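Thanks for passing this one along. Here are my notes, as numbered points you can check against the model.

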Amino acid sequence: MSQYATLAEFARYGLPTVATAGLDDDDIEGCIQAASSTAEGTLRGRGYTLPLTSWGADLSQIVSKLAAYDVLFHLRGANPADPAHA
């Protein structure tokens with residue numbers, strides 16, 4: 001499986017580094033890898049030959065946003081029902 005976003009792209013498209021302060025880069029990479037796997041499932045279903053050998057910023061952005069959700073809700077622990085997290 002390919003990883004379709006780097007940590008730098010994650011910081012640009014997903015969450016700024018201030019939001020991930022104190023989190024381990026390996027944990028963030030794990031979220032990026034999981035999001036990349038999700039993306040590959042979608043691409044495979046649409047008939048793409050995998051792994052991709054090149055891709056645009058659009059795929060890196062989508063993967064970063066998927067990974068950002070995991071980082072916020074599983075690593076950071078955001079709670080949208082808590083007014084302090086609004």
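**Notes on the fold and on Ser2**

1. Along the sequence the protein reads α-α-α. That comes to 3 helices and 0 strands, where helices (H or I, at least four residues) and strands (E, at least two) are DSSP runs numbered from the N terminus.

2. A word on the basis: this is a predicted model, in which local features need pLDDT of at least 70 and side-chain atom pairs count only at pLDDT 80 or more, while totals for chains, interfaces and linings use all residues. Residues are numbered from 1 along each chain as its sequence is written, and side-chain values use heavy atoms, with hydrogens and water left out.

3. On overall dimensions, the C-alpha atoms fill a box of roughly 45 × 25 × 20 Å along the principal axes. Of the 86 residues, 27% count as buried (under 20% relative accessible area; exposed is over 50%, partly exposed in between; 1.4 Å probe, protein chains only).

4. Contacts (heavy atoms within 4.5 Å) are worth a look: of those between residues at least 6 apart in sequence, 76% join residues at least 24 apart.

5. Now to Ser2, which sits in the segment before helix H1 (7-14). Is Ser2 buried or exposed? Ser2 has a relative accessible area of 15%, so it counts as buried. Beyond its neighbours within four places in sequence, Ser2 touches Ser36, Glu40, Pro51 and Leu52.
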